[in-house]
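This report is meant for someone meeting the structure for the first time.

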Amino acid sequence: VFLWMKAFGAQDVHAHFGSNSAEVVMLAHALGGPPYSFTVHGPEEFDKPQALQLAEKIKQAAFVVAISSYGRSQLFRWIDSQYWHKVKIIHCGLEQSFYADASSDFPSKARMVCVGRLCEQKGQLLLLEACRNLKEKGIEFDLVLAGDGEMRPEVERMIAVYGISDHVRITGWISSQQVREEILASRAMVLPSFAEGLPVVIMEAMALKRPVISTYVAGIPELVVDGGCGWLVPAGSALELTNAIEAMLSAPHQQLIDMGEAAYHRVKQQHDINTEASKLAALFAESAQ
């Protein structure tokens, strides 16, 4: 790795995630390589910080980036306060081309989309329970699970058990463009996460003027304003999730438009890619002095 960086003429190296990639650049630095930095996204780093030697990686780094205030606080837990100054907040940025033609036209169909790997931390099983509740209430809905993952067999089994096969579609792995299309074809993004950093798919949905239903977890409340650009519910509560989805499905068209516009302006303000990239560039320049 060091030879590749030397051949390229790199003076700094930045890794994403505090796991294997940060391990590699730390070792390269120890062997005489250039200074390094890394971005911590979470939640994996927050689950096993000691096993990942997160404190040592931060100690040796020029600086470390957290993508939310919550993420920064979790890093503070595992390092001496003398190293707190190394941890900076830089939000993930969205390419303007992704939301350049975002539309306020909402589909007439009562459809929602959940984008993410089918895994325990995203809460899809709880979402299916909420869907069963909606069906028992006689509420019309469609759910698109955009993604795939290790829990797909369990997800498919629960769809059958709850008798909601006619209401739920699993896309499998799809492209970014297909994700965009699924979001635009839905009234709202639903992501009932149990653990997170700050999901990019929430930013994408908001940039496409879609309200978000999610949980009071990690950095999500720093972006999603309950009642303003979506609905936030306690993590793990199928009842609260059901109520939020029902509120979204029954919301007047104008309310959805207003929430979508609020979401659009909020995410543009906090996650502009040029603004956030310039912050990272400034950190590189500062660390080189």
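In which sense do β1 and strand β2 pair, and over how many bridges? The model shown here is a predicted one, and in it β1 and strand β2, which spans residues 36–40, pair in the parallel sense, with 4 bridges between them. Within this pairing, His14 stands opposite Ser37 in β2.

These two strands belong to an open sheet of 4 strands, whose order is β1-β2-β3-β4 and whose pairing is parallel. Because β1 (13–16) and β4 (87–89) each have a single partner strand, they stand at the edges of the sheet, and one side of each is left without a neighbour there. From one strand to the next, the twist averages 25°.

Two helices lie across this sheet. Helix α5, made of residues 69–76, lies across β2, β3 (63–66) and β4, and runs at about 170° to β4, while helix α14, made of residues 273–288, lies across β1, β2, β3 and β4 and runs at about 165° to β3.

A further open sheet holds 6 strands in the order β7-β6-β5-β8-β9-β10, again with parallel pairing. Its edge strands are β7 (168–172) and β10 (230–233), each of which pairs on one side only, and the twist averages 25° from one strand to the next. Strand β8 (residues 188–191) and strand β9 (residues 212–215) run parallel and are joined by 3 bridges, and Met189 stands opposite Val212 in β9. Helix α7, residues 124–136, lies across β5 (111–115), β6 (142–146), β7 and β8, running at about 170° to β6; helix α8, residues 152–161, packs on the sheet as well, where it touches β6 and β7 and makes about 165° with the direction of β7.

The largest pocket has a volume of about 490 Å³, and of the 24 residues that line it, Lys122, Glu196, Pro199, Val200 and Val201 are the closest to its centre. The second largest pocket holds about 190 Å³ of space and is lined by 14 residues, with His16, Ile90, His91, Cys92 and Leu280 nearest its centre. The elements giving two or more residues to this second lining are β1 and α14, and the largest share, 4 residues, comes from α14, the helix that also lies across β1, β2, β3 and β4.

Methods:
Residues are numbered from 1 along each chain as its sequence is written. This is a predicted model: local features need pLDDT of at least 70, side-chain atom pairs count only at pLDDT 80 or more; totals for chains, interfaces and linings use all residues. Side-chain values use heavy atoms; hydrogens and water are left out. Two strands pair if DSSP finds at least two bridges between them. Axes are lines fitted to C-alpha atoms, for helices over the stretch in contact, and angles run from 0 to 180 degrees between N-to-C directions. Contact means heavy atoms within 4.5 Å. On a 1 Å grid over the protein atoms alone, a cavity is a set of points where a 1.4 Å probe fits but cannot get out, and a pocket is an open set with protein on both sides within 12 Å along at least five of seven lines; lining residues have an atom within 4 Å of a point. Grid points are joined across faces, edges and corners, and a volume is the space filled by probe spheres set on the points.
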